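Here is a short briefing on one protein structure. Look over the sequence and the model before reading the points.

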Amino acid sequence: MLARRVTLLTFAGLGLAFAASGAGRVSVDRITLPSGFALEVFADDVPGARSMTLSPAGTLYVGTRDKGAVYAIPGAAGSTRAGKARILARGLNSPNGVAVRDGALYVAEISRILRFDDIEARLERPPTPVVVTDRYPRDRHHGWKFIAFGPDGWLYVPVGAPCNVCVPPGPLHETITRMKPDGSAIEVFARGVRNSVGFDWRPGSHDLWFTDNGETGWATTGRPTS
């Protein structure tokens, strides 16, 4: 039986329950896996790596929560070891979420969604990003965002509560919102979501499953209406 390969994208300050060796590499031999699985380091030059998305062209885009940078790893699809990561942008405000649509890379900052057009052809000289929208709250507490395009073609963007336990101070707090790719028609898709840090759609049904990093840590579903 062939081992199922689990690749690891390592970064500074990962915070997992294993040690890093002297060169900054994760000591993967200290991780216990189920029978039939294997673990290997895929990339170790992406400090602060947080959210990831793989483009149709096979480029892995990586956002960061605290480093202000966005990376690209070309040729990641089908590879067992990443090539050198390229820095697409620096100095951004917690550019955690990344998503790809129609050849453009979308990046979520705390209060803005940016778009890097024709990104696959411009990895060496990334373009100045277009501001898709800057209408989101500026709270840093639970303000970093995971984003993804849904089967309806809209971009889904969560907005966390700027506190641990409180009444939401604004109409967009504790929600999952969605918008058209051009930033128009922003609307609330789900309320009462304290801080979603990941979601995906069930194939075939279009049901949205999301995590909620809240007091109870539950997950639930919803279905796009259009």
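Trp201 is buried, since its relative accessibility is 10%; buried means under 20% relative accessible area, exposed over 50%, and partly exposed in between, with a 1.4 Å probe and protein chains only. The model is predicted, so local features need pLDDT of at least 70 and side-chain atom pairs count only at pLDDT 80 or more, while totals for chains, interfaces and linings use all residues. Residues are numbered from 1 along each chain as its sequence is written, and side-chain values use heavy atoms, with hydrogens and water left out.

**Aromatic rings**

- Five aromatic pairs are found in the structure; rings of Phe, Tyr and Trp (its six-membered ring) pair if their centres lie within 6.5 Å, and planes under 30 degrees apart count as stacked, over 60 as edge-to-face and the rest as tilted.
- Tyr156 and Phe189 form an edge-to-face pair, because their planes meet at 80°, with the ring centres 5.3 Å apart.
- This pair ties together parts that are 33 residues apart in sequence, because Tyr156 is in strand β12 (residues 155-159) and Phe189 is in strand β14 (residues 187-191); strands (E, at least two residues) are DSSP runs, numbered from the N terminus.
- Tyr156 is buried, because its relative accessibility is 0%.
- Phe199 and Trp201 also make an edge-to-face pair, because their planes are at 85°, and their centres are 5.8 Å apart.
- Phe199 has a relative accessible area of 6% and is therefore buried.
- One aromatic cluster is made up of Phe146, Tyr156, Phe189, Phe199 and Trp201.

**Charges over rings**

- The charged end of Arg50 is over the ring of Trp144, 4.8 Å from its centre; a charge sits over a ring if NZ of Lys or CZ of Arg is within 6 Å of the ring centre and within 35 degrees of the ring normal.
- Arg178 is placed over the face of Trp154, 4.6 Å from the ring centre.

**An open sheet**

- Four strands, in the order β7-β8-β9-β10, form an open sheet with antiparallel pairing; two strands pair if DSSP finds at least two bridges between them.
- At the edges are β7 (97-101) and β10 (130-133), each of which pairs on one side only.
- Strands β8 (residues 104-108) and β9 (residues 113-116) run antiparallel and are joined by four bridges.
- Val107 has Leu114 in β9 as its bridge partner.

**The disulfide**

- One disulfide is found in the whole structure; a disulfide is a pair of cysteine sulfur atoms within 2.5 Å.
- Cys163 is joined to Cys166, with an S to S distance of 1.7 Å.
- The link of Cys163 and Cys166 is left-handed, with -55° about the S-S bond.
- Cys163 is buried at 14% relative accessibility, whereas Cys166 is partly exposed at 34% relative accessible area.
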